[in-house]
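Hi there,

Here is the structure I promised to pass on. Have a look at it first, then read my notes below.

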Amino acid sequence: MTGWSQALSAHPAMPEETQTLTGNRGLQLEELLIFEQNSPGHCGVDLPEPPAHKSRLGGLERRVPIGLPGLSEPQVVRHFTRLSQKNYAIDSGIYPLGSCTMKHNPRLNEKMARLPGIADLHPLQPLSTIQGALELIDTLTHWLKTLTGMPAVALSPAAGAHGELCGMMTIRAALEAHGDPRQRILVPESAHGTNPATAAICGYAIDPIPNNPRGRVDLTALKAKLGADVAALMLTNPNTCGLFEDEILEIAAAVHEAGGFFYCDGANFNAIVGRVRPADLGIDALHLNLHKTFSTPHGGGGPGSGPVALAAELAPFAPLPWITHGSKGLEIVERANGSAAQTIGRLKGFHGQMGMFVRALSYMMSHGADGLRQVAEDAVLNANYLRVRLGQATGGALSQSYPGSCMHEVLFDDRFLKDTGVTTLDFAKALIDEGFHPMTMYFPLVVHGALLIEPTETESKASLDQFADTVNGLATRAKAGDIAGFQAAPNLTPRRRLDETAAARKPVLRWRPEMSQQKAAE
Amino acid sequence: MPTLRFTKDHEWVRLDGDTAVIGITDYAQQQLGDIVYVELPEPGSRVEAGKEAAVVESAKAASEVYSPVSGEVVAVNEVIAGDPAKVNADPMGDGWFLSVKLDDPKAFDALMDEPEYQKFVAEQG
Amino acid sequence: MRYLPLTPADRTEMLVAIGAGSIDDLFADVPPTARRAGLVDLPLAQGEIEVERALSRMAAKNVAAGSVPFFIGGGAYRHHVPAAVDHLIQRGEFLTSYTPYQPEISQGTLQALFEFQTQVALLTGMEVANASMYDGATACAEAVAMAHRITRRAKAVLSGGLHPHYREVCQTYAQFSGLEVQTLDPTPGRIENITIDSDTACVVVQNPDFFGELRDWSALAARCRQQGALLVVAVTEIVSLGAVNPPGEMGADIVAAEGQGIGNALNFGGPYVGLFAAREQHVRQMPGRLAGQTIDADGRRGWVLTLSTREQHIRREKATSNICTNSGLCALAFAIHLALLGETGLRQLARLNHATACNLADRLTAVPGAQLVNDNFFNEFCLRLPIPAAAAVAALAEKGVLGGVAASRFYPERDDLTNLLLVAATETVTKEDIDDYAAALGEVLR
């Protein structure tokens with residue numbers, strides 16, 4: 001065994017009587033990097049000896065070792081199992097991250113994605129051998145078109161932000177086709193950061209629009225900013241304050257009257273699925289995060305999938321490839337000619353996130369038209385239940401930013417912590433010690449010290465009550481003056497607060513052999 | 001004759017002959033928190049009044065430093081590029097950013113003096 | 001509905017607590033004309049049995065790669081994934097967690113990403129790597145944008161040997177951003193002439209190239225350096241780096257690669273995992289997430305997401321990219337598979353691939369009419385047939401052999417590529433598969 005054993009040091013935060021020799025704490029196990037567990041020459045895979053052959057690598061053989069460690073299968077399985085135990089997950093408890101939609105991930109979807117007739121299909125196989133795959137994509141398209149009410153869906157975008165890029169590029173392409181690309185995109189101040197970042201890639205200038213005192217887009221301010229140089233409005237609905245844009249029809253009409261397009265960030269579609277069709281709101285393009293509304297797992301940061309529903313006027317500009325019904329069954333359009341002459345082109349390799357399509361379709365078919373509507377209703381019901389359990393106006397401890405009912409998530413700010421010395425961050429870290437994943441903090445940017453809570457429809461009433469009791473209890477403790485306790489939290493996690501300033505000042509982004517040698521010498 | 005002026009974006013500028021030394025104020029460094037990274041312009045390049053001259057970052061925020069004056073960059077403070085914490089420790093001294101040879105020394109007088117800036121900061125709450 | 005925990009009694013009780021008369025009250029902000037009273041026109045809820053039956057029926061209409069002699073590559077490769085990989089990535093703590101924004105309860109994902117970044121840097125021979133992109137093609141487009149930011153030059157030159165999907169994605173990304181993308185024509189079997197001038201931000205090449213040919217890009221790297229341009233090297237078959245000199249050794253400035261070949265199934269084209277590696281001096285211009293090492297309040301080693309000020313959630317319109325979600329779980333699968341392989345395993349896997357491909361090339365070029373285009377190759381090569389390759393692919397499929405990809409699928413307008421067939425062989429190909437292929441090709445070309 002090479003490398004350094006940091007495990008044999010006491011846990012500094014533990015009281016004397018619970019100190020362990022190893023630094024482990026029961027099921028919380030310290031774990032070295034794989035590079036520090038190297039047994040040179042060892043291997044976790046048994047492969048046959050290569051048959052005799054003469055190298056045809058043209059003299060370009062690798063000349064330097066790669067530097068990978070050698071481990072057996074039990075070591076690798078134990079390593080990653082121990083790592084997994086340091087993660088919070090929706091499988092372990094409520095994950096109320098506003099705007100991220102952490103709902104239960106049904107395991108049937110995983111099973112379906114692993115059917116050999118799906119997982120073991122190459123994207124470049126002859127059409128005759130992939131008709132079932134194309135049928136599955138075609139079926140998913142039908143469901144998404146029906147749920148959005150929009151005539152076309154582009155499936156290839158790999159995630160929400162990629163879908164935004166797709167939508168904004170089709171808008172730009174449509175405007176250019178009319179000889180008028182325009183210069184500005186209007187983006188509310190409460191928008192996800194991806195919105196302005198995407199608009200910038202499309203060559204547009206970003207013009208922010210303020211919220212009104214009710215947490216919605218200020219219609220007067222919007223109208224004042226509209227003009228012949230505005231290409232589009234990018235609006236999230238329901239918005240990131242958890243509110244439905246109740247003047248959305250007036251907003252759409254104003255944008256259209258000015259000759260612009262209405263792009264909707266559909267990250268929060270889970271609040272309205274089955275009850276409201278985006279097409280009926282005047283939306284021209286909208287991306288759907290299959291990993292949010294349709295519950296494909298987040299996987300610690302992806303993969304996602306971000307199909308984009310498009311109005312008829314934008315459909316000809318959709319990215320390649322797409323599927324058509326031909327004489328010999330389903331076909332793939334993948335060249336920019338004929339009916340696809342106006343396409344913006346290809347946005348990623350091959351045909352899109354098939355593994356996510358299967359999971360999403362499995363989820364949709366399981367719920368059906370009735371279940372999906374119930375999903376939206378329960379998501380909204382759960383959020384409003386937390387709103388009344390937590391809001392000061394109804395006997396809770398938190399300060400709601402915008403009074404009245406909410407959609408699938410509820411926004412609070414840090415007024416309830418005023419003069420306590422406890423910050424939103426401290427409050428969130430204290431929740432971790434209580435066994436909960438914190439809510440989204442400091443987003444959206446339109447209120448001070450935001451706490452954005454999205455329970456989703458897959459939490460039971462008992463789970464919501466337990467969460468609400470804990471949050472209210474912590475607020476009471478903050479008001480009672482336990483500043484030091486909050487500032488020290490979390491105390492019970494595998495690591496306590498991590499020094500992000502040090503990480504950013506001298507970035508260490510990979511392991512190097514000398515790092516472990518140095519540490520061992522200390 | 002005070003040779004120190006301030007901007008509403010919380011930069012300071014100190015006049016030394018026809019050269020202006022530029023940095024960010026104590027208020028600015030407090031708002032940013034622990035500074036982790038500073039990006040400085042190339043000596044010899046030009047900066048324009050009100051336009052981005054440098055970038056300053058904490059772990060969770062990034063902010064542009066706007067040049068209060070127009071001119072040619074004479075020198076930059078390589079010390080803060082290597083040790084950005086210097087900006088937190090001594091924003092008005094060792095934590096300076098760049099020095100500029102002024103196009104027009106009169107531009108300097110149009111900026112806020114110290115009492116005006118202190119009043120401005122107080123109004124920011 | 002099995003996924004919804006609320007009971008009708010819960011719902012009633014909760015509505016009372018909220019003070020709402022009915023659920024409709026909570027949707028009162030929706031304009032009346034947009035409210036849908038009834039259900040959308042889609043099937044009703046189904047149990048596991050029905051859903052599994054319906055989807056299995058669709059899956060059964062496909063020909064799974066593993067059920068036939070299989071030789072398709074072209075940017076996605078059928079490798080064996082050890083059983084432990086899929087078992088581990090299905091642990092709920094990995095599968096159902098979010099982006100590790102709360103590091104104290106995400107050390108598992110963060111440490112795994114740190115290990116992944118290290119593996120990618122080692123494999124590509126580069127100094128640093130990020131926590132993944134969507135796929136190789138989008139990683140390549142992001143590399144071009146990054147070169148543009150670093151050099152402040154407007155032109156990207158794309159080699160004709162670059163995977164056509166990578167070329168097309170670069171063109172799509174660049175079309176509204178003020179970047180000029182110059183694409184060179186593919187010249188399989190010949191060395192292309194690449195011109196670099198003072199407007200060139202980067203040259204993008206691939207190794208092995210789209211036609212399977214291995215190239216030494218060291219001289220091109222030197223020319224780029226001289227001209228102040230960056231060299232971007234794409235790698236579509238990551239297993240090749242177990243046997244082939246890596247881009248970093250050749251002087252690449254950025255590597256954009258497809259990591260699917262390690263740890264990930266074919267999945268009909270996605271999700272895959274884009275690998276992105278660069279020089280340390282350019283790290284602040286990199287797109288995507290980065291895990292970094294630090295210490296906690298007790299001085300113990302731990303990991304966080306770092307250099308976040310490059311990213312959209314902080315920098316908004318000035319971000320280095322709009323990417324938010326990446327390929328976390330696919331990156332984890334890559335990290336686990338590569339941990340199992342290790343130095344010896346990956347090198348042996350690469351040798352096995354090369355040996356199998358060499359044997360296949362010998363057998364197929366013994367078929368009258370089939371000629372090898374390549375001078376050298378790793379596990380994929382290009383054959384020139386006496387008939388259009390698309391017709392050969394269809395005829396082979398009729399005989400139950402998935403024999404490769406016709407170059408004309410990507411370049412239908414290029415008559416000189418009509419008869420070219422791309423053929424790949426990985427460790428999953430058996431001697432019997434090769435026998436079947438040689439026999440079938442003999443019949444097709446007879």
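Starting at the N terminus, the order in chain B is β-β-β-α-β-β-β-β-β-α-α-β-α-α. Its radius of gyration (taken over C-alpha atoms) is 13 Å, close to the 14 Å of the globule rule for 125 residues, so chain B is as compact as a globular protein of that length. That rule is 2.2 Å times the number of residues to the power 0.38.

Before you go further: this is a predicted model, where local features need pLDDT of at least 70 and side-chain atom pairs count only at pLDDT 80 or more, while totals for chains, interfaces and linings use all residues. Residues are numbered from 1 along each chain as its sequence is written, and chains are lettered from A and ligands numbered from 1 in the order in which they are written.

Back to chain B: the C-alpha trace spans about 35 × 35 × 20 Å along its principal axes.

Now for the neighbours. Chain A has 175 residues in contact with 169 residues of chain C (contact means C-beta atoms, placed from the backbone, within 7 Å). Helix α9 of chain A, residues 354-390, gives the most to that side of chain A, with 21 residues. Between chains A and B, four residues of chain A are in contact with five of chain B.

Cheers

Note on methods
Two residues are in contact if their C-beta atoms, placed from the backbone, lie within 7 Å. Helices (H or I, at least four residues) and strands (E, at least two) are DSSP runs, numbered from the N terminus.
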